[in-house]
Amino acid sequence: MTVYQATATAPVNIACIKYWGKRDTKLILPTNSSLSVTLDQDDLKSQTTSRADESFERDRLWLNGKEDEIKPGGRLETCISEMKRLRAEYEEANPNEPKISGFKVHIASRNNFPTAAGLASSASGFAALVSSLAALYKLPSTPSQLSLISRQGSGSACRSLFGGFVAWEMGTKPDGTDSYAIQVATRDHWPEMHAIICVVSDAKKGTSSTAGMQTTVDTSSLLVHRIREVVPERMKEITKAIQERDFETFGTITMRDSNQFHAVALDTFPPIFYMNDTSRAIVQVITEYNRACVAAGSGGKIKAAYTFDAGPNAVIYTLEENVKEIVSMLLHYFPLPQAYEDPTKLFEGATSVSSLPLGFNEGVVKVAAPGSVSRLIHTRVGDGPRVLKEEKESLLDSAGMPIGV
């Protein structure tokens with residue numbers, strides 16, 4: 001008996017130009033274009049196994065071992081239905097292919113990082129869902145075409161269909177057919193780009209992105225200025241900076257856009273607070289670090305760029321040559337509750353892992369209580385979704401049920 005099944009992984013992406021606000025909440029059409037960096041799946045990923053079988057009675061999905069309801073007309077149901085539609089079209093064009101578009105599906109998915117904690121779990125999750133179904137159904141669709149569907153699950157998910165540096169073009173058509181992701185540059189174009197994630201909290205957010213951004217659209221006058229005047233120019237400037245591997249410009253735009261996103265959240269009524277005291281202390285440390293780098297002379301430039309999504313966790317972009325210095329500084333001000341794991345062996349043979357760079361004003365903030373940052377994740381720019389061929393990678397057992405549940 002033939003088993004129709006596929007497993008895929010998809011990456012996390014962290015935006016430099018933020019997506020915040022929808023002009024169509026059903027199709028998830030954004031009020032502005034956005035741009036992100038795809039992070040390495042060796043560190044952060046969602047993995048999904050999808051199986052189609054005529055014996056299945058209904059579509060079912062499990063996330064991290066817990067069954068998630070597939071609500072009629074909801075985002076999961078929309079993505080699954082759209083993928084089945086593409087398979088039906090493929091079967092019609094290829095009559096010899098097995099007719100599996102009408103089968104119900106079982107889907108198991110898991111993340112190797114906290115869900116709904118400001119680490120873009122919905123983006124990688126829906127990208128992995130769409131990628132696994134595309135592999136299951138053997139669809140000839142391009143990543144941009146698949147991004148039209150993953151976007152309807154989670155807006156940012158469309159950017160996780162590519163590796164490297166990715167733009168989500170907002171589009172103008174009411175049906176959303178021109179609102180999709182494109183790749184600005186591959187990971188190999190700028191492989192020196194690294195990221196350090198400061199996990200300030202892995203708790204679920206108090207205000208979800210979906211609820212928060214709609215309140216912003218309804219109440220913030222600053223958002224109107226942002227989408228009309230600010231974002232279009234920033235998209236052009238940061239795209240040029242990526243193409244020219246200009247970190248100074250890339251970093252400045254990234255930080256300014258993060259600042260404005262959170263200003264828009266504050267301008268929302270009632271206001272939304274995603275950052276906390278630890279988040280703001282990280283901003284101060286990175287700002288002082290950049291000041292010291294520039295003040296060092298000899299053409300000194302900024303070396304780090306912070307950005308915060310809808311949560312308190314910081315992502316700090318930097319080039320590979322600066323990672324050790326920045327991690328040392330972060331460990332000085334934000335001691336972890338346990339020893340730094342150092343998976344990339346930055347401090348191999350070192351007697352101390354925390355230190356400050358020359359010329360740094362040590363009094364910029366007080367050293368935080370241990371555990372204010374629970375862990376540091378060092379990663380880098382990564383590739384797009386991967387299809388896993390090994391049977392051992394499956395998250396479903398022989399009966400099509402989630403393993404380990």
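Start at Arg245. Arg245 is partly exposed, because its relative accessible area is 45% (buried means under 20%, exposed over 50%, partly exposed in between, with a 1.4 Å probe and protein chains only). Numbering runs from 1 along each chain as its sequence is written. The model is predicted, so local features need pLDDT of at least 70 and side-chain atom pairs count only at pLDDT 80 or more, while totals for chains, interfaces and linings use all residues, and side-chain values use heavy atoms, with hydrogens and water left out.

**Backbone stops**

Stay on Arg245. Arg245 sits in the loop between α5 (221-243) and α6 (helices are DSSP runs of H or I with at least four residues, strands are E runs of at least two, both numbered from the N terminus). Check the phi of Arg245: the value is near 55°, positive in a residue other than glycine.

Now select Lys345. Its phi is near 55°, again a positive value in a residue other than glycine. Lys345 lies in the loop between α8 (323-333) and β15 (375-380).

Next, show Phe269 and Pro270. The peptide bond joining Phe269 to Pro270 is cis, with omega near -5°. Pro270 belongs to the loop between α6 (247-267) and α7 (277-295).

**Into the core**

Move to helix α7 and pick Ser279. Ser279 is buried, because its relative accessible area is 0%. Leaving out residues up to four places away in sequence, Ser279 touches Phe308 and Pro312 (contact means heavy atoms within 4.5 Å).

Select Ile282. With residues up to four places away in sequence not counted, Ile282 touches Cys198, Val200, Phe308, Ala314, Ile316, Phe334 and Val373. The largest nonpolar core has 67 residues, and Phe250, Ile282, Tyr317 and Leu376 have the most contacts inside it. Such a core is a set of buried Ala, Val, Leu, Ile, Met, Phe, Trp, Tyr and Cys residues joined through side-chain atoms within 4.5 Å.

Colour a second, separate core: it has 29 residues, including Phe103, Leu133, Leu146 and Ile149.

**Last stop: Leu396**

Go to Leu396, in the segment after β16 (386-388). Is Leu396 buried or exposed? Leu396 counts as buried because its relative accessibility is 4%. Show its surroundings. Beyond neighbours within four places in sequence, Leu396 contacts Gln5, Thr49, Ser50, Arg51, His106, Ala108, Met401, Pro402 and Ile403.

Finally, draw a C-alpha to C-alpha distance from Leu396 to Leu29. The two are 33 Å apart in space and 367 residues apart in sequence.
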